[in-house]
Amino acid sequence: MLSVRSVAGQVFLLQLAVVVLLVAATLVALVVQARRDSMASARHTTLATAQTFANSPGIVAALNSRNPTAVLQPRAEAARKDAGVDAIIVYRLDGITLTHSDPRQIGKHVIGPYAPAAAGQAFTRTFEGTLGLSVISAVPVRDTDGSVVALVSVPVRVASVQSRVQQQLPVLLGGAAVALVIAAGGSGLVSHRLRRQTHGLDPAEMTRMYEHHDAVLHAVREGVVIIGGDGRLVLVNDEARRLLDLPTDAEGRRITELGLEQDLAELLASDRPATDEVFLAADRLLAVNKRLTPPRAPGGSVATLRDTTELQALSGRAEVARERLSLLHDAGVRIGTTLDVRRTAEDLAAVTVPRFADVAVVELLDPILHGQESAGTAAELRRVAVAGLDKDGLLHPVGELTRFVATHPVAAAMASDRPVLVRDLNTDADWQAQNPEPTRRILDHGIHSLLVVPLRSRGAVLGMAEFWRAKGSAPFDDEDVSLAEELAARAGVSIDNARRYTREHTMAVTLQHSLLPRALPEQAGLDMAYRYLPAQSGVGGDWFDVIPLSGARVALVVGDVVGHGLHAAATMGRLRTTVLNFCSLDMPAEELLGRLDELVAEIDADEASAGKEDELALTGATCLYVVYDRVSGRLDIATAGHPGPAVVHPDGTVDFPQVPVSPPLGLGTGLPFESAELTVPDGSRLVLYTDGLIEERDRDLDVGLQALRDALTGPDRTPEDTCAAVMAAMLPDRPRDDIALLVARASRLDPTQVAEWHVPRDPAAVAPARTACARRLADWGLEQIAFTAELVLSELITNAIRYGAEPITVRLLRDRSLVCEVSDGSGTSPRLRRAKPTDEGGRGLFLVAQFTEHWGTRHTPTGKVIWAELPFTDGTAPAAEELGEILLGSWDDTAL
């Protein structure tokens with residue numbers, strides 16, 4: 001409160017200074033007045049005493065007595081004491097003192113200003129007398145005849161008068177002090193009150209607050225209304241008066257009595273705060289913000305009013321623009337997320353309803369749906385997507401092909417390649433001419449406006465987007481046309497991308513299917529099933545194959561080429577063809593992969609030299625090659641960077657055989673491939689697969705193998721059921737890689753269908769061997785091919801005895817055909833040739849090739865096997881003359 005910076009402190013100090021000055025001035029005035037009053041009282045006292053003594057009875061007689069002093073002195077002293085004066089002096093007219101308070105002065109002659117008194121006129125003066133500076137009153141003493149006979153002088157010393165004033169001074173000072181304390185207390189109370197009212201503000205702040213207050217009340221373009229706790233209007237500025245149209249005497253009146261709208265008056269009179277609430281006041285829309293006053297302030301509230309009539313219109317247009325930008329953003333995010341033509345069209349229709357239109361229809365040219373280029377501008381479109389108010393069959397169903405008449409807005413948009421806007425369908429005869437009955441039902445359901453926008457990309461029209469608005473929505477305008485064109489442009493590019501992808505995907509799938517096996521070969525000893533699923537992102541390079549081999553054997557192959565698309569499919573076809581060719585040479589599994597690895601490395605080297613290494617490199621391809629022997633039940637397994645097979649035993653247990661690890665094809669490591677051999681029980685299931693089945697980005701390889709084990713474990717199932725169970729358990733929702741699965745049930749050849757003999761290296765052993773073979777063929781009921789079989793075996797055994805080495809073994813297999821095998825310990829391979837006329841030999845293999853369906857040679861770790869297959873159905877033995885003609889046909893007639 002004593003701070004000189006605050007208004008309250010300055011006021012307090014100013015009041016205190018004024019009070020001190022006033023008290024001091026009052027005290028001085030009182031002292032001066034006391035002195036003046038004392039002097040006046042002294043004059044009056046001296047004059048009254050002098051007159052009383054001069055006119056007292058017997059004074060004339062005493063003056064005329066022989067000793068006036070003796071008579072008058074006692075009387076004068078008594079009167080002096082009673083009057084409280086310093087002396088009563090009686091002078092004769094000659095100036096002799098007759099009485100005096102100082103007896104020493106009696107009888108003395110006094111010279112003084114007593115002439116007026118001697119002349120009969122009383123007076124009062126202050127002058128220096130025998131008693132010092134005194135107030136003296138002189139009165140004449142008159143005789144009976146009126147003559148002046150003596151003078152009476154009564155003095156009062158000035159010092160006596162001042163002493164009496166000084167005696168009053170403590171009382172005056174005490175009163176002044178009490179007055180000062182009372183005034184200071186009052187000033188403190190006033191200052192404290194003022195401090196509370198001004199919140200301790202200094203004058204500059206008060207000035208600034210006043211300026212702000214004045215600016216708020218008169219300068220700002222926002223109404224300010226202050227309402228008291230009793231609901232009366234305390235203060236209102238000029239803008240609020242204008243906005244609310246208040247009368248001049250509004251302040252002090254209740255809010256509810258000012259003629260405001262009821263809802264606005266209720267808000268202002270209530271204790272409820274408000275934030276940007278819009279109310280109607282006459283023809284204005286007012287945004288009202290209301291806050292209650294702080295708790296330390298008097299009860300009430302403060303409200304601000306803002307005219308939003310024009311702002312409302314601007315904000316409406318801004319909101320429309322914001323919604324359109326939001327629609328474009330959402331369309332950009334949603335449309336084109338999939339490379340599917342139909343799904344893209346559905347996304348366009350869905351994103352515009354109901355934010356832009358009440359009904360949206362997308363119709364495309366029929367070739368676009370099949371990935372083909374646009375086939376002209378004929379207004380014949382197929383409906384692909386419909387969203388919105390499509391009930392009761394108002395619009396043509398999805399999938400229907402419609403040919404529009406030339407005057408229809410769709411046909412007009414197709415012909416002009418520009419949007420067509422129909423603001424009012426009720427008055428548009430061109431639209432109604434397409435089909436009057438359906439158009440009438442559309443109008444009856446409240447659909448009243450149509451906007452047709454072409455879907456274009458790279459200068460070609462792909463189709464049309466049709467937007468409809470129904471009852472409750474404004475007709476389309478020019479701004480809607482611009483927005484629809486932007487939406488159609490984005491959708492057109494996405495649809496064209498999807499069309500191109502569809503075309504390329506179809507080409508890749510066609511190529512891939514042409515390179516994969518059309519059907520599995522018939523194998524009497526194997527029950528097989530397979531699944532092939534391309535990745536969603538496109539076809540890949542996974543493949544599988546089942547290749548019959550000689551000697552009741554079959555090769556099971558799966559492989560994987562890194563990447564997707566046409567290149568991966570073409571690469572897969574090259575590798576599959578290579579494997580088929582190598583299988584025809586009947587190589588061991590590890591040797592086949594070694595040859596395949598060398599071929600891939602050579603191809604990569606050729607592509608690198610041509611500058612196409614990054615595009616066409618085969619490095620990274622994997623392959624699993626399994627050979628199953630139905631006679632022994634043995635598996636020969638070799639892998640080049642590919643997961644090994646799974647073996648499901650007849651009891652339902654699953655095993656993943658350990659296979660020697662070899663690098664993928666084409667790495668050029670120079671290391672030989674290794675194979676593993678194992679024997680599986682009869683009835684086991686062999687499961688070959690690619691890594692797309694067990695590997696996922698969010699799943700470890702061990703987890704995938706365990707999931708595959710769980711899917712395969714269980715009771716005995718057919719290969720078809722096994723494929724279904726594995727795909728149901730392992731197939732991801734969105735496969736990122738191709739999946740190839742091949743399941744084969746292994747079944748051995750019945751021992752009764754196998755005959756085997758060891759033949760010594762002696763030409764005489766040929767006949768017994770032929771006899772034994774004929775006997776076994778008779779047991780098998782194959783007498784019709786016995787002659788041919790004996791002929792073939794004779795030639796094969798003779799070649800083995802002549803050119804081979806021991807041991808020599810003959811084996812017959814009764815499978816889908818009769819297989820004749822002769823093995824020996826020599827690694828030399830016979831070859832078919834045309835014998836010269838002078839040659840004594842070289843015609844045996846020619847006869848074998850003539851009378852068998854297939855024949856060939858395969859090498860074993862201990863030698864070789866020459867085999868030949870004879871069909872059962874085509875097995876009539878050749879007649880002698882036929883045999884002679886065949887033999888004679890091997891010579892040149894001119895040479896003979």
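Trainee: Is Arg104 buried or exposed?

Mentor: Arg104 is exposed, at a relative accessible area of 63%. Here exposed means over 50%, buried under 20%, and partly exposed in between, with a 1.4 Å probe and protein chains only.

Trainee: Before I go on, what sort of model is this?

Mentor: This is a predicted model, where local features need pLDDT of at least 70 and side-chain atom pairs count only at pLDDT 80 or more, while totals for chains, interfaces and linings use all residues. Residues are numbered from 1 along each chain as its sequence is written, and side-chain values use heavy atoms, leaving out hydrogens and water.

Trainee: Thanks! Which residue forms a salt bridge with Arg104?

Mentor: Asp102 does, and the closest N and O atoms are 3.1 Å apart. A salt bridge is a side-chain nitrogen of Lys or Arg within 4 Å of a carboxyl oxygen of Asp or Glu.

Trainee: And how many salt bridges are there by this rule?

Mentor: The count comes to 33. Another of them joins Arg241 and Glu251, at 3.5 Å from N to O. Arg241 sits in helix 7 (residues 238-244), and Glu251 is 10 residues apart from it, in the loop between helix 7 and helix 8 (262-269). Arg241 is partly exposed at 22%, and Glu251 is partly exposed at 37%.

Trainee: What about Asp347, buried or exposed?

Mentor: Asp347 is buried, with a relative accessible area of 4%. Its salt-bridge partner Arg343, at 3.5 Å between the closest N and O atoms, is partly exposed at 42%. Both lie in helix 10 (residues 341-352), four residues apart, which is about one turn of the helix.

Trainee: Switching topic: how many helices and strands are there?

Mentor: The protein chain has 24 helices and 31 strands. These are DSSP runs numbered from the N terminus: helices are H or I with at least four residues, strands are E with at least two.

Trainee: At what angle do helix 21 and helix 22 pack?

Mentor: Helix 21 (residues 766-779) and helix 22 (residues 786-803) pack at about 145°, with axes 9 Å apart. The axes are lines fitted to C-alpha atoms over the stretch in contact, and angles run from 0 to 180 degrees between N-to-C directions. Contact means heavy atoms within 4.5 Å.

Trainee: Which residues of the two helices make that contact?

Mentor: Among them are Val766, Ala769 and Leu777 of helix 21, and Leu793, Ile797 and Ile801 of helix 22.

Trainee: Last one: how much of the chain is buried?

Mentor: Buried residues are 45% of the 896 in the protein chain.
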